[in-house]
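Here is a friendly walk through a protein model and the molecules beside it. Take a look at the picture first, then read on.

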Amino acid sequence: MKQTIGFIGCGKMAQAMIGGMLNSGLVAPQQIMASARSEKTLEYVKGKFNILTTESNVSVARESDVLFLAIQPYGHEDVLTEIAEHLKANAVIVTIAAGVKIEKVASFFASGVKVVRTMPNTPSLVGAGMTAMSANSEVTREELQNVITLFKSFGEVELLPESQIDAIPAISGSSPAYVYMFIEALADGGVRQGLSRSQSYRLAAQAVLGAAKMVLETGKHPGELKDQVTSPGGATIAAVATLEEEGMRSAVLKAMESCTNRAKELGGK
Ligand SMILES: NC(=O)C1=CN([C@@H]2O[C@H](COP(=O)(O)OP(=O)(O)OC[C@H]3O[C@@H](n4cnc5c(N)ncnc54)[C@H](OP(=O)(O)O)[C@@H]3O)[C@@H](O)[C@H]2O)C=CC1
Ligand SMILES: O=C(O)[C@@H]1CCC=N1
């Protein structure tokens, strides 16, 4: 029988993953069951994805073979207490929350509970997600492979020791937000030079996409790729010099440090 994939919480990140999974064709809408706090969210996701929805977190826990906790970090204690006695036998719990440790999730259940901690990102919606994950020793090789296959249906997966998962929001979980800010800034610059807003977003986004593909597909160091663009005495080096003067790299490093510290705080004890 086909597995049931449950989502407790069906907000922005869950919707990105559900959209990604369905677009890939790996999972059918009838295999996905979701709960949320409000009727409004449930109506929206039912209309958008044609998945099963319920107001009952317990029903989702009872039915799911793979159970995603897609709620905010601070919501975990209430939800885990609510579902603790209702997990389906052999279910694998997948948490996506910043900072929430496997040990914390497992502490609400009897010993032997299977938990995978992940940090995905919203480009999952368009099949370009990046997810880092770590599993506890109760998850079998086959079960982990099943979870990896689900995540690979909407992007790339990196398996890491849990001690490194706190570093992931800053680099790939949250970083799409900084990249959107960069794209907005590029587009503002285009508009300043007289390009239309829509042309500017298209030009900026395609340049960012192309640069990312160059890093991934040529295997060249980003510095070497940058050097290929900067003609001696040319226009690019003038821009690069200004970005260095304005502290772009150091701003990114500081932002990532803030992100990591906040992610650790969010998980609580
Ligand atoms: N957004 C992102 O880019 C990423 C987010 N994450 C993680 O994903 C998690 C969710 O984030 P995000 O999707 O952005 O947040 P949202 O606020 O968009 O979604 C949270 C969802 O949880 C639901 N919810 C809240 N309390 C309960 C409850 N008691 N029972 C059932 N459902 C509940 C909300 O319901 P309702 O809609 O009715 O309010 C909502 O659907 C967080 O832990 C975050 O750290 C990880 C990586 C990236
Ligand atoms: O902002 C947050 O806390 C979450 C974690 C990664 C992306 N969004």
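## The shell around ligand 2

Around ligand 2, the shell residues divide into two nonpolar, two polar and no charged. Here Ala, Val, Leu, Ile, Met, Phe, Trp, Tyr, Cys and Pro count as nonpolar, Asp, Glu, Lys and Arg as charged, and the others, Gly among them, as polar. The residues in question are Ala98, Pro169, Gly173 and Ser174. A residue is near a molecule if its C-beta atom, placed from the backbone, lies within 6 Å of it.

## How the model was made and numbered

This is a predicted model, where local features need pLDDT of at least 70, side-chain atom pairs count only at pLDDT 80 or more, and totals for chains, interfaces and linings use all residues. Residues are numbered from 1 along each chain as its sequence is written, while chains are lettered from A and ligands numbered from 1 in the order in which they are written.

The average pLDDT of the protein chain is 97, and 99% of the residues score at least 70; pLDDT is the predictor's confidence in each residue, from 0 to 100. For the complex, the predictor gives an ipTM of 0.99 and a pTM of 0.97.

## The whole chain

The protein chain has 12 helices and eight strands. Helices (H or I, at least four residues) and strands (E, at least two) are DSSP runs, numbered from the N terminus. Along its principal axes, the C-alpha trace spans about 70 × 40 × 30 Å.

How many of the 269 residues count as buried? The share is 33%. A residue is buried if 20 or more other C-beta atoms lie within 10 Å of its own, exposed if 12 or fewer, and partly exposed in between, with C-beta atoms placed from the backbone.

## Ligand 1 and helix 1

Ligand 1 is surrounded by 28 residues, and the closest are Gly9, Gly11, Ser38, Thr41 and Ala97. This shell divides into 14 nonpolar, 11 polar and three charged residues. Helix 1 gives the most to the shell, with three residues.

Helix 1 runs over residues 12–24 and has 13 residues. From its first C-alpha to its last it reaches 18 Å, close to the 18 Å expected at 1.5 Å a residue; the expected span is 1.5 Å times one less than the number of residues. Its buried residues include Ala14, Met17 and Ile18. Just after helix 1, glycine 25 takes a positive phi of about 85°.

## Two residues from a recorded site

An unreviewed UniProt entry lists a "binding site" whose residues include Cys10, Met13 and Ala70. The listed residues are spread over 66 residues of sequence, yet they cluster in space, with a largest C-alpha distance of 14.2 Å. UniProt positions are given in the numbering used here, feature names are shortened, and annotations may be inferred rather than shown by experiment.

Cysteine 10 lies in the loop between strand 1 (5–8) and helix 1. Why does cysteine 10 count as buried? Because it has 28 C-beta neighbours inside 10 Å. Leaving aside neighbours within four places in sequence, its contacts include Gln15, Thr41 and Ala70; two residues are in contact if their C-beta atoms, placed from the backbone, lie within 7 Å. Methionine 13, in helix 1, is buried because 22 other C-beta atoms lie within 10 Å.

Over residues 162–266 the chain is 80% helix and 0% strand. Helix 11 (residues 235–245) is hardly covered, as the count of buried residues among its 11 residues is zero.
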